[in-house]
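Subject: Handover of a structure and the findings on it

Dear colleague,

Please find below the structure that I am handing over to you.

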Amino acid sequence: MKKQLLALILAMLLSIPSFAIESRSQIPTLTFSGTTATCQGIVSSSGARIEAELTLWHGNTIVDSWSKSGNNYVLINETCRVSDGETYTLTLTGTINGVEFTETSVTRTC
């Protein structure tokens, strides 16, 4: 009986579609060198169509925005001018296979 139960559990695990165990990540990174901000966003999801937008904010004002799409993996890596001593927020938004993913953000002071 135990062997039959173990075989049934193993068969069920092996029949799980690969999309059910896919790995997903969304990572925004904001760094400064003098008055140049480097804005980077990485989105990855195995076997998926990805649309991503990276937006740099100064308070409620958009400083700059970039978008990119691809399959499995998207990297947005851009720079822009900022003001020393000011605080900026970088947000990463988009979709994975047409479904919006949770916005991620990072806030730093130049």
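This is a predicted model: local features need pLDDT of at least 70, side-chain atom pairs count only at pLDDT 80 or more; totals for chains, interfaces and linings use all residues.

Strands and their pairing

Strand β1 covers residues 24-33, and strand β2 covers residues 36-58. These two strands pair in the antiparallel sense, over 10 bridges. One of the residues to look at here is T29, whose bridge partner in β2 is Q40. The hairpin of β1 and β2 has 2 residues between the strands, and G34 in this hairpin takes a positive phi near 65°.

Strand β3 comprises residues 61-81. It is joined to β2 by 19 bridges, and the two strands run antiparallel. Across this pairing, A37 stands opposite C80 in β3. The hairpin of β2 and β3 also has 2 residues between the strands, and there G59 takes a positive phi near 65°.

Strand β4, residues 87-96, pairs with β2 as well, in the antiparallel sense and over 8 bridges. In this case I50 has I96 in β4 as its bridge partner.

Residues with a positive phi

Most residues other than glycine have a negative phi. N72 has a positive phi near 75°; N72 is located in strand β3 and is partly exposed, with a relative accessible area of 39%. N97 has a positive phi near 55°. N97 belongs to the loop between β4 and β5, and at 47% relative accessibility N97 is partly exposed.

The nonpolar core

Which residues touch the most other members of the largest nonpolar core? They are L30, C39 and L56, in a core of 21 residues. Strands β2, β3 and β4 each supply at least two residues of this core, and the largest share, 8 residues, comes from β2. As general background, nonpolar side chains in soluble globular proteins tend to be buried together.

C39 is buried, with a relative accessible area of 0%. Beyond its neighbours within four places in sequence, C39 is in contact with several residues, including T29, L30, L54, L56, W66, I76 and L90.

The aromatic pair

The search of the whole structure finds 1 aromatic pair. The pair is formed by F32 and Y88 and is tilted, with 6.1 Å from centre to centre and 50° between the planes. Because F32 lies in β1 and Y88 in β4, the pair ties together parts that are 56 residues apart in sequence. As for accessibility, F32 is partly exposed at 25%, whereas Y88 is buried, with a relative accessible area of 4%.

The cysteines

How many disulfides does the structure hold? The number is 0. For C39, the nearest cysteine sulfur is that of C80, which is 4.6 Å away. Another cysteine, C110, is buried, with a relative accessible area of 17%.

Yours sincerely

Terms used: Residues are numbered from 1 along each chain as its sequence is written. Side-chain values use heavy atoms; hydrogens and water are left out. Rings of Phe, Tyr and Trp (its six-membered ring) pair if their centres lie within 6.5 Å; planes under 30 degrees apart count as stacked, over 60 as edge-to-face and the rest as tilted. Helices (H or I, at least four residues) and strands (E, at least two) are DSSP runs, numbered from the N terminus. Buried means under 20% relative accessible area, exposed over 50%, partly exposed in between (1.4 Å probe, protein chains only). A nonpolar core is a set of buried Ala, Val, Leu, Ile, Met, Phe, Trp, Tyr and Cys residues joined through side-chain atoms within 4.5 Å. Contact means heavy atoms within 4.5 Å. Two strands pair if DSSP finds at least two bridges between them. A disulfide is a pair of cysteine sulfur atoms within 2.5 Å.
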